[in-house]
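User: I would like to learn how to read the side-chain features of a model such as this one. Could we go through them one at a time, with the general idea before the case?

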Amino acid sequence: TPESARMEGAVVIAEGVAEPANHSPQPPEKMLLLQDKNPWKPWPRARSRVTGCLRWAQAVLGVPKLLDWYCLCALGVITALISFFMDSTVLKLIDAHRWLFRAVGSSAVLQYLCWTLYPIALTTFSTSFTQSLCPQSAGSGAPEVKTILSGVMLEGYLTLTHLAAKVVGMTCTLAAGSTIFLGKVGPFVHVSCMVGSFLDRVRSSIRGTSEKDLHSDMLVAGAAVAMASCFGCPISGVLFSVEVMSSHYSVRNYCRAFFAAVSGAVMFRLLAVFSSEQVTIMAMFKTRYQVEFPFDLPEMFFFAILGLLCGAICCAYLFLHRWLVTFTRTSAITSRILATDKALYSGLVALLLASMTFPHGIGQFMGSRMNMRELLNSLFDGRRLGALCSNSSVPRPEEVDPEYLWLEWCHPRVPVYGTLGIFLVMKFWMLLLATTMPMPAGYFMPVVIYGAAIGRFVGEVVAYLFPEGMQSEGILSPINPGGYSLAGAAAFSGAVTHTLSPALLVFEMTGQIAHVLPVVLATLISNALCRRYQPSFYDGIIILRKLPYLPQVLKSHPELRAVRVEQAMRLEPKALARSGRLAEVRSALASCQDPEFPVVDTHETLVLLGSVCRSELVRFLHLHAEEPGLDRELWEVCSIQPITFQLSNKTTIQQAHTAFLLLGLNLLYVTEGGRLTGLMSRAEMKKAIEDMATGKISAQP
């Protein structure tokens, strides 16, 4: 009968062996599962059709062969969607603030309250929300990503909870507008990497592989996608991820990062077209520069001066940033406020910044009514602001007019050089103060705008000195202050981050490449000056937060590369014998906090056999605690892992540093003839580099 046939197909699975059901029955204690080979399931025809369609789609799409590329494309698309909807929300909130400012009428008191209370409410909410949901989400996030890509896994920095806190907090921060003067590039690098981490876990679950080791290719691609999704610039996004985020870049990730960045940039641009923000795909910041003679050869001298000026101001900015952050942490008043109520600190800072930018106060001299994008559009304008303001009789409109943004820099009592100078002086300390606010915020876009203002100021001065232009070989070339603004934006932001990618970024943002030589020249000069005297902005945050990131070995002292590991390694590390018992394991766990311990044959010979994880030793203790009479040796209970990479006493610090970065290791054992002589962890390596910088360690002859 059919029922008997079905019963014949049943199998008894006992102790991992399957036997036919007509054999002699197994004892009850061995019978674990009774399973039917052909269980009845509902809707068999529909299920078979769906299964057939899935198999056909898998064959066509090449899953899992092309799974990596699908995940990279999804990374670009998802990040672009988040960026676009965040920008749309921020734009609506800024428009609401402007409408409210106009709706209160001509009362100066009501306008002041509207201008100040709106950013105060947004910044305090951003701080409160992020601190209650995920306190680690405050700040940029790019230094943490840089640390993770160096091989150190920071717990809780790539979770979905962190992603939600970052997105909501960053939206409120950006909605405060140019009053707070903060951006989104740094936090969006973190957001993109969190999306990449989630997609990596999905990829691992589809393939059925272990999720223990995070694949760095998705994180590297995420760092590139962030810039592409913020500005629609995939090439500079990839270069930015290479320069800023990676200590050593794998060529294998190069094409993958480009693919993900292009996917994100195309999606970001298409969303702008579909939402009617743009007619077609075009540059974010439209410029109208003269292409035939964009600059003359004698102007290269002024572009070099601009590079030196940006480098000098950048050195002061980076030094004062670290000093101010340290002061807020050590000062009795600010440290107490930051320890008890961070939202109150953000609200007080927002009150001061909003008061300084009030349009009927000093803000009327610094273009405070424009948002971040309008500021860049006005600074990149190729026309001379000095000539426009001096020859114009048009009064400043009640609202910001996108077609006449240059009017925001004109004032009847102050020339355009004065308004630009006031903007530079005020925004310098205001940006430094804003970086101390404990909420998600980016610091790249503000330095781009500030650098553009430096370049604009220099360009206007050059145009004033040469009103008719410069003549070379009988050809008169007019001065284009917008080109100096491009060079200033690239030079200052490149010096702050110690990168050259901003030079390419300004070309992709504006669609202008005619000024490639002066922009690259100014960026190189500012980088050289700033690298000589100050660490980058992200490295400074790593130093302030004491993140476990390995700094680079000093390049200014080549002789220090000959320093050997034996001069800095930890001598006589806590080792366990292969036949170690309970007392030895308990003593090792109590005396050392290392995540793993070396295992030797005996304490007399110290021949290195492998390593054992701390969790295995904890399990060893639990096993003996559950069975008091048990007395087993270490190798009988714990899994001893082989050592695949070792150092010699004669290995240099430079070689060990490269091994840490390339292999992503946290601990290296030092042996001599197979005998354990010491170990080098990231802590010892970092201390060795610091001692080399201070002269405590020098190369031996």
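This is a predicted model: local features need pLDDT of at least 70, side-chain atom pairs count only at pLDDT 80 or more; totals for chains, interfaces and linings use all residues.

User: How is a pair of aromatic rings described?

Analyst: In general, one gives the distance of the centres together with the angle of the planes. By the rule applied here, the count comes to 22 aromatic pairs. In one of them, Phe84 and Phe85 stand edge-to-face, with 5.6 Å from centre to centre and 75° between the planes. Another pair is that of Phe428 and Tyr450, which is tilted, with the centres 6.2 Å apart and an angle of 45° between the planes.

User: Which charged residues sit over rings, and at what distance from the ring centre?

Analyst: Lys184 lies over the face of Phe188, at 5.0 Å from the ring centre. In a second case, the charged end of Lys427 is placed over the ring of Phe181, 4.5 Å from its centre.

User: Turning to the surface, which residues form the nonpolar patch, and which helix gives the most to it?

Analyst: The patch consists of Val109, Leu110, Tyr112, Leu113, Leu117 and Leu351, which together have about 500 Å² of accessible area. Helix α4 (residues 108-133) gives the most, with 5 residues. Val109, which lies in helix α4, has a relative accessible area of 57%, and it is called exposed because that word applies to values over 50%.

User: What does the UniProt record annotate, and how helical are the spans 99-118 and 343-362?

Analyst: An unreviewed UniProt entry carries the annotation "transmembrane region" for several spans, among them residues 99-118 and 343-362. In the model, residues 99-118 are 80% helix and 0% strand, and the end C-alpha atoms of that span lie 12 Å apart. For residues 343-362, the figures are 70% helix and 0% strand, with the end C-alpha atoms 26 Å apart.

Note on methods:
Residues are numbered from 1 along each chain as its sequence is written. Side-chain values use heavy atoms; hydrogens and water are left out. Patches are made of residues with over 30% relative accessible area and no salt bridge: like charges are joined within 9 Å, nonpolar side chains (Val, Leu, Ile, Met, Phe, Trp, Tyr) within 5 Å. Accessible areas come from the Shrake-Rupley method with a 1.4 Å probe; for residues, only the protein chains shown count as cover. A salt bridge is a side-chain nitrogen of Lys or Arg within 4 Å of a carboxyl oxygen of Asp or Glu. Helices (H or I, at least four residues) and strands (E, at least two) are DSSP runs, numbered from the N terminus. Buried means under 20% relative accessible area, exposed over 50%, partly exposed in between (1.4 Å probe, protein chains only). Rings of Phe, Tyr and Trp (its six-membered ring) pair if their centres lie within 6.5 Å; planes under 30 degrees apart count as stacked, over 60 as edge-to-face and the rest as tilted. A charge sits over a ring if NZ of Lys or CZ of Arg is within 6 Å of the ring centre and within 35 degrees of the ring normal. UniProt positions are given in the numbering used here, feature names are shortened, and annotations may be inferred rather than shown by experiment.
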